[in-house]
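Reader: I am new to this structure. Please take me closely through one part of it, and spell out your terms as you go.

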Amino acid sequence: MQELSKKLMLELYSQMIQIREFEKEAIELAKMNLTRAAIHTYNGQEAIAVGICAHLKKEDYIISNHRGHGHCVAKGADLRKMFAELMARETGYCKGKGGSMHIADLSTGMLGANGIVGGGIPIAVGAAFGAKYRNNGRIVVCFFGDGASNEGAFHEALNLASIWKLPVVFVCENNQYGISMNVSKSTNVKRLADRAAAYGIKGITVDGNKLDEVYQEFAGVAEEVRAGKGPVLMEMTTYRMSGHYFGDNENYRTKEEVEAWKKKDPIDYVGKILMANYGVTEEEIRKAQQEEKQRVLKASEAAKEDPFPAEEDLTDDLYDPVLGEIVWKPWNMA
């Protein structure tokens, strides 16, 4: 594999820190009762979103799930607008009406997070169909968890995407738990990527805690999908360091298990590589951490000053105003 440049590694490292700091601040806001919905953090999974989105163009699409803050940040979302959405302010991405699990940013290709397990998977197929229909060269990345791979929508979506050779990458972030259910108890296969064989598509398992491996593996996958070779299922093995949501008592897993996985912290992994292979000093590492922390805190403080939605705006934004202007044309899939 080709070694990543020092400049790129530092950029990706900073982005991972930014995601971690965002989640830390989101928890602080929840403690102060400033958030208006459940908070599901991305702690421990940062290398996946960052390593993948580094290859995506602004025009490419991503679909997220309930644990989507990291995906949003990696795709270029505005931190202040994200915090505003968490705190139900009208300046948020969904005008404060969606909350943590429903952030969407069409300007960056982020088609939306989703509170329904597996709910984003068929949406990703629809977006991929649209990209192929328009022949615009875009690809779609669909992020979901191991629990969603047991939903019927997962199998239906992979089957249809395979038949039509749609430009979509299904990224299963296997963080070992679907709420409190360990994947070993919910799924009778060791590699979730093996399920790709049933639909005649490629399946790849990657260590999702190693940024360099995620970046390198996805580079080849993205190239294949853009070339029209059809969908790919990527399983990213990882671990959520925090509970399922803020307030989770985590009585379904041991402290020893959590501590063992924390030793595989993806941010620490990159930090060690930067110092060992790229000559980055501890001082530079601390500087990057402090800069991202301040950037996050600045966005949070600004969002706290934003107003709440007006009561008269309650029934707005229920329907897309351009829906009636859509012209449907037949298309021969052959």
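Author: Start with a term. Axes are lines fitted to C-alpha atoms, for helices over the stretch in contact, and angles run from 0 to 180 degrees between N-to-C directions. Helices (H or I, at least four residues) and strands (E, at least two) are DSSP runs, numbered from the N terminus. This is a predicted model: local features need pLDDT of at least 70, side-chain atom pairs count only at pLDDT 80 or more, and totals for chains, interfaces and linings use all residues. Residues are numbered from 1 along each chain as its sequence is written, and side-chain values use heavy atoms, with hydrogens and water left out.

Now the part itself: helix 1. The axes of helix 1 and helix 2 (residues 46-53) come within 9 Å. They cross at roughly 135°. Helix 1 and helix 2 are therefore oblique to each other. (Angles under 35 degrees count as roughly parallel, over 145 as roughly antiparallel, 65 to 115 as roughly perpendicular and the rest as oblique.) The crossing of these two helices is right-handed, meaning that the near helix is turned clockwise from the far one by less than a right angle.

Which residues meet there? From helix 1 come Leu12, Gln15, Met16, Ile19 and Arg20. From helix 2 come Glu46, Ala47 and Val50. Contact means heavy atoms within 4.5 Å.

Gln18 also lies in helix 1, which covers residues 6-31. Gln18 counts as buried because its relative accessibility is 13%. (Buried means under 20% relative accessible area, exposed over 50%, partly exposed in between, with a 1.4 Å probe and protein chains only.) Gln18 touches Val73, Leu79, Glu292, Arg295 and Val296, leaving aside residues up to four places away in sequence.
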